[in-house]
Amino acid sequence: MPEYEKAMRPEDITRLFVERSNAGDAAGVAALYEEDAVLAYPPGSVTVGREAIRALWEKVLANRPRFEPEEPLPTLVSGDIALTSTPPGDGAGARAQVVRRQPDGSWLRVLDQPEFQPPAR
């Protein structure tokens with residue numbers, strides 16, 4: 001596996017995700033997740049584990065989507081766990097991730113909810 005830049009702050013993961021996605025690097029995107037991470041995508045289902053996340057992103061990135069950076073909302077940190085979120089520009093409602101500090105001080109995603117839809121009223 002190539003050596004990737006590590007997220008040394010929870011907020012770095014969003015920037016690295018955009019950079020790697022726009023480069024078409026599914027393995028690089030998957031490297032932002034813990035081995036047993038859970039990704040709530042595609043909508044209505046979950047993808048579990050780094051390898052499954054990599055395979056999913058290979059399919060998604062084959063269409064060469066373009067991701068725009070989104071300004072992170074304030075991060076909530078408790079010890080080695082943090083909650084990150086961004087207000088999406090694509091109308092997805094919200095994005096939220098739980099990240100965990102790794103033994104080397106870097107951060108990886110544990111739970112990723114990339115699309116929250118507001119409830120129908």
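A residue is called exposed here when its relative accessible area is over 50%, and buried when that area is under 20%. The model described below is a predicted one.

According to an unreviewed UniProt entry, residues 16-85 carry the annotation "domain: SnoaL-like". Across this stretch the chain is 34% helix and 24% strand, with its end C-alpha atoms 14 Å apart.

The largest nonpolar core has 20 residues, and those that touch the most other members are Ile13, Phe17, Leu32, Tyr33, Leu39, Ile53 and Trp57.

Helix H3 makes the greatest contribution, giving five residues to the core. This helix has 12 residues and reaches 16 Å from its first C-alpha to its last, which is close to the 16 Å expected at 1.5 Å a residue. Its buried residues are Arg50, Ile53, Leu56, Trp57, Val60 and Leu61; seen down the axis of H3, the buried residues fall within an arc of 125 degrees, so they line one face of the helix. On the other side of H3, by contrast, Glu51 and Lys59 are exposed. The partners against which the buried residues of H3 pack are H1, H2, S1, strand S2 (47-48) and strand S6 (107-113).

How values were computed. Residues numbered from 1 in each chain as written. Predicted model: local features only at pLDDT ≥ 70, side-chain atom pairs only at ≥ 80, totals over all residues. Heavy atoms only, no water. UniProt positions renumbered as here; feature names shortened; annotations may be inferred. Helix = DSSP H or I, 4+ residues; strand = E, 2+ residues; numbered from the N terminus. Core = buried A, V, L, I, M, F, W, Y, C linked by side-chain atoms within 4.5 Å. Buried < 20%, exposed > 50% of the residue type's maximum accessible area, 1.4 Å probe, protein only. Expected span 1.5 Å × (residues − 1). Arc of directions from axis to C-beta. Contact = heavy atoms within 4.5 Å.
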